[in-house]
Amino acid sequence: MANTPITSAQSRNYNIKQFLVTSNDQKNKKDISKIITDLYYYESILNPSIKVDILYTENGKTVESEGTYKTLIEGLPLIGTEKSTIKITDPNDVEINVDMYVDSINPISQDTQKTAVSLNLVSKELIFNYKTVLNTRFDGKISDHIKKILTESNFLGTKKKLDIEETENNYNFIGNNRRPFYALMWLAKKSIPKTPKALGNSAGFFFFETSDGFKFKSIDGLYRDWE
């Protein structure tokens, strides 16, 4: 897991191998790795989704469109939800390959020679989370609920790798129009691992995402993995 900035010098030299942004109509693609000055990759057991923040600067000639050069925002165009294929190595030389989606676009400064823009990127599932609610009844094991919410097409519909630890306890509930990620984090607090004498002695579960996929793990299970 990481929460480490990649400096501009590292970005230009070797850390960012690819940062390919594709327009929503898929007609235009642009690798902007050469113009990124700052990149932050966030991954934490306390967050359900990974996140990438970047700052790039350009001179208005990033995208060629209809015989003229334009900025990335004008020429791609960049309006939000664009898919970005990212290949980087972190400061420990661990390679990270993820597909992220533009969540917000924030122009920072502009003059006659260059423009600075900040982009915030999130997982596709977080984009779907904004648009989806749980409106059905769930019966059975919590670990089965977790898988259902993540994979079924009427919810998050993820195709990513899942690492879901089986729970001991059942929990029945009605969605009540909760957002999927809210429900997943809420269910984690109610979960008991399938280990001897866990009832009353368990520290609970975490639900989080890494570059490898989504994980639903008991705190006891995480300790076992790290040993």
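Colleague: Which residue in strand 15 stands opposite Leu162?

Modeller: Quick caveat first: this is a predicted model, where local features need pLDDT of at least 70 and side-chain atom pairs count only at pLDDT 80 or more, while totals for chains, interfaces and linings use all residues. Residues are numbered from 1 along each chain as its sequence is written, and side-chain values use heavy atoms, leaving out hydrogens and water. Strand 12 and strand 15 (residues 213–218) run parallel and are joined by 3 bridges; two strands pair if DSSP finds at least two bridges between them. In that strand 15, the residue facing Leu162 is Phe214.

Colleague: How many helices and strands does the protein chain come to?

Modeller: Both are DSSP runs numbered from the N terminus, with helices being H or I over at least four residues and strands being E over at least two. Counted that way, the chain's secondary structure is 6 helices and 15 strands.

Colleague: In what order do the 3 strands of the open sheet come?

Modeller: The pairing in this sheet is mixed. Strand 12 (162–164) and strand 14 stand at the edges with a single partner strand each, so one side of each has no neighbour in the sheet. From one strand to the next, the twist averages 15°. The order, then, is 12-15-14.

Colleague: At what angle does helix 4 run to strand 12?

Modeller: Axes are lines fitted to C-alpha atoms, for helices over the stretch in contact, and angles run from 0 to 180 degrees between N-to-C directions. Helix 5 (residues 180–189) lies across strand 14 and strand 15, at about 140° to strand 14. Helix 4 (residues 142–151) lies across strand 12, strand 14 and strand 15, and its angle to strand 12 is about 160°.

Colleague: How many residues of strand 14 are buried?

Modeller: Buried means under 20% relative accessible area, exposed means over 50%, and partly exposed is in between, with a 1.4 Å probe and protein chains only. Strand 14 is largely enclosed by the rest of the structure, because its buried residues number 5 of 6.

Colleague: Which residue of strand 15 is the bridge partner of Phe206?

Modeller: Strand 14 and strand 15 make a hairpin with 2 residues between them. They run antiparallel, joined by 6 bridges. In strand 15, Phe206 is partnered by Lys217.

Colleague: What is the relative accessible area of Glu209?

Modeller: Glu209 sits in strand 14. Leaving out residues up to four places away in sequence, Glu209 touches Glu43, Asn47, Pro48, Ser49, Ile50, Ser123, Lys160 and Phe214, where contact means heavy atoms within 4.5 Å. The C-alpha atoms of Glu209 and Leu46 are 9.3 Å apart, although the two are 163 residues apart along the chain. Glu209 counts as buried, with a relative accessible area of 1%.

Colleague: Which residue of strand 10 is the bridge partner of Asp53?

Modeller: Strand 5 (residues 51–58) pairs with strand 10 in the antiparallel sense, over 8 bridges. Strand 9 is joined to strand 10 by 8 bridges, antiparallel again, and those two form a hairpin with 4 residues between them. In strand 10, the bridge partner of Ser104 is Asn120. For Asp53, the strand 10 partner is Asn120.

Colleague: Is Thr115 buried or exposed?

Modeller: Thr115 belongs to strand 10, where 8 of the 8 residues are buried. Setting aside neighbours within four places in sequence, Thr115 is in contact with Tyr56, Thr57, Glu58, Ser109 and Gln110. At 14% relative accessibility, Thr115 is buried.

Colleague: What is the volume of the largest pocket?

Modeller: A pocket is found on a 1 Å grid over the protein atoms alone: it is an open set of points with protein on both sides within 12 Å along at least five of seven lines, whereas a cavity is a set where a 1.4 Å probe fits but cannot get out, and lining residues have an atom within 4 Å of a point. Grid points are joined across faces, edges and corners, and volume is the space filled by probe spheres set on the points. For the largest pocket, that gives about 250 Å³.

Colleague: Which strand gives the most to the lining of the largest pocket?

Modeller: Of the 18 lining residues, Asp99, Lys124, Glu125, Thr158 and Lys160 are the closest to the pocket's centre. Strand 9 (95–110), helix 3 (124–131) and strand 14 (205–210) each supply at least two lining residues. With 4 residues, the biggest contribution is from strand 9.
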